[in-house]
Amino acid sequence: MKHTKKVAGLAGIASVLWVGLTAAVAASQKRLLFNPLGSKREVLRPYSSGHRTRPVVIRAKDGTRLSGWLMTPPIHGPHPAVIYFGGRSEEVSWVARDAGKLFPGMAVLAMNYRGYGDSHGDPAETHFVDDGRMLYDWLAERHHVDPKRIAVVGRSLGSGVAVQVAMERDAHAIVLITPYDSILAIAKRKFKAIPVEYVLRHRFESVKYAHHLKAPTYVLRAEQDDVVPHSHTDLLVEKLGQLHADEIVPDSDHLNIPYLESTQQRIAGFLAQRFDLPPVAAANPAASGPAAPLQPNS
């Protein structure tokens, strides 16, 4: 009888601990998934050596101010264009610095998510995706952009945003850097004892949308990735509507992959091919210093 009571008592304690841990994960999921406080500006005065670089402030549909950079080639357009979506802790000023190598001959829009960098608001999957669609449309309306030649590029967490935006917009090409099948699947792998499917609100289930993608999709994996295991990328790749290539970048890990020259050359080459840019446009154009800032919503 005493043994039965002891077992029941231990089970009760375990149950309380389990409920408490589940509640803790549910309450802190936004902090675990998004890390805007770690997104201090990487580059103090960012500009691309191959573009005219302008800081931009664009208002979301609900009025939230989003901040980032618009880069345009120094020659007259319209140009093919790229919209970039960053990772969990990523502030995107570095894209403005490296755009001459990553996106030569292309217009580029790199905006910080809500709560990241100088952008206002709170991070959330629905906000990221809604804002992403709005930013795609904003970019397509620029006079120097060819609206029929816009690519979406997403890194890590941003690959989930890129997939959902590309699904609902006529993207010309897609680049996914260290992508995953879903944040829900990764969370279930990490928190095996917790029913995260009942508490996780920001799921980024790219695998559900992958078959809808019509544009050629280029997948780049890190050679060593302890954040997004290759098995989670495998599950996404299997579902992609039109896979262009699935490559591992040598000597890369989850953090350094976008900054490596080999990664940037691969992305630039793929997009130049897709956009049918002449060889001279695919090479770095003449240097161009920072231009005057655009006014809000310009």
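Leaving aside neighbours within four places in sequence, Thr-178 is in contact with Arg-155, Ser-156, Leu-220, Arg-221, Ala-222, Asp-225, Val-228, His-254 and Ile-257. Contact here means heavy atoms within 4.5 Å. The model is predicted: local features need pLDDT of at least 70, side-chain atom pairs count only at pLDDT 80 or more, and totals for chains, interfaces and linings use all residues. Residues are numbered from 1 along each chain as its sequence is written, and side-chain values use heavy atoms, with hydrogens and water left out.

Thr-178 sits in the loop between strand 6 (173–177) and helix 5 (183–190). Helices (H or I, at least four residues) and strands (E, at least two) are DSSP runs, numbered from the N terminus. Thr-178 counts as buried because its relative accessibility is 1%. Buried means under 20% relative accessible area, exposed over 50%, and partly exposed in between (1.4 Å probe, protein chains only). A polar atom of the Thr-178 side chain lies 3.5 Å from the backbone nitrogen of Ser-156.

Ser-156 belongs to the loop between strand 5 (145–155) and helix 4. Its relative accessibility is 9%, so Ser-156 counts as buried. Ser-156 is not a glycine, yet its phi is positive, near 50 degrees.

Helix 4 (residues 157–168) comes next. It is largely enclosed by the rest of the structure, because 10 of its 12 residues are buried. Among these are Leu-157, Gly-158, Val-161, Gln-164 and Ala-166.

Across the protein there are nine helices and eight strands. Buried residues make up 51% of the 298 residues. Among contacts between residues at least 6 apart in sequence, 75% join residues at least 24 apart.

The largest nonpolar core has 48 residues. A nonpolar core is a set of buried Ala, Val, Leu, Ile, Met, Phe, Trp, Tyr and Cys residues joined through side-chain atoms within 4.5 Å. Within this core, Leu-109, Leu-139, Val-152 and Phe-204 touch the most other members. Not counting residues up to four places away in sequence, Leu-139 touches Leu-70, Ala-81, Val-82, Ile-83, Leu-109, Val-145 and Ile-150. Another core lies apart from the largest one. This other core has 32 residues, among them Val-82, Ala-110, Ile-267 and Ala-272.

Strand 1 (52–59) and strand 2 (65–72) each supply at least two residues of the lining. By class, the lining has five nonpolar, six polar and three charged residues. Ala, Val, Leu, Ile, Met, Phe, Trp, Tyr, Cys and Pro count as nonpolar, Asp, Glu, Lys and Arg as charged, and the others, Gly among them, as polar.

A cis peptide bond joins Gly-77 and Pro-78, with omega about 10 degrees. Phi of Asp-276 is positive, near 55 degrees, in a residue other than glycine. At 68% relative accessibility, Asp-276 counts as exposed.

Definitions and conventions
A polar contact is a pair of N or O atoms within 3.5 Å; within protein, one must be able to donate a hydrogen and the other to accept it, and residues adjacent in sequence count only if both atoms are side-chain atoms.
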